[in-house]
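Biologist: Could you take me through the aromatic rings and the nonpolar core of this model?

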Amino acid sequence: MKIKTDEQGRVLGFCTLGDMDGAVEYNGQVPGGFTETPLDYRLIDGKLVEDADLKSAREAAAAAREEEAELA
């Protein structure tokens, strides 16, 4: 698996086949849920770690979009 991160280790994307510009090879354990919500994770010291702050921000943004759609 190849994983692309930003300077703070936040996952920007991944691929299991082929290559991704700027990505690094990752052979570690893949947490359950990573493939569904990879943007909730950071690559820290060679391990994928779920970041509660990233997850909360994503969930809040999704709730705001849903509320906005209901008002439209």
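**Aromatic cluster and core**

Modeller: Ring pairs link Phe14, Phe34 and Tyr41 into a cluster. This is a predicted model, in which local features need pLDDT of at least 70 and side-chain atom pairs count only at pLDDT 80 or more, whereas totals for chains, interfaces and linings use all residues. Residues are numbered from 1 along each chain as its sequence is written, and side-chain values use heavy atoms, with hydrogens and water left out.

Biologist: How many aromatic pairs are there, and what is the geometry of Phe14 and Phe34?

Modeller: Rings of Phe, Tyr and Trp (its six-membered ring) pair if their centres lie within 6.5 Å, and planes under 30 degrees apart count as stacked, over 60 as edge-to-face and the rest as tilted. By this rule there are two aromatic pairs. Phe14 and Phe34 lie 5.0 Å centre to centre with 50° between the planes, and this pair is tilted.

Biologist: Is Phe34 buried or exposed, and what kind of pair do Phe34 and Tyr41 form?

Modeller: Phe34 has a relative accessible area of 0% and is therefore buried (under 20% relative accessible area, with exposed over 50% and partly exposed in between, for a 1.4 Å probe and protein chains only). The ring centres of Phe34 and Tyr41 are 5.3 Å apart and their planes stand at 75°, so the pair is edge-to-face.

Biologist: Which residues make up the largest nonpolar core?

Modeller: A nonpolar core is a set of buried Ala, Val, Leu, Ile, Met, Phe, Trp, Tyr and Cys residues joined through side-chain atoms within 4.5 Å. The largest one has seven residues: Met1, Ile3, Val11, Tyr26, Phe34, Tyr41 and Leu48.
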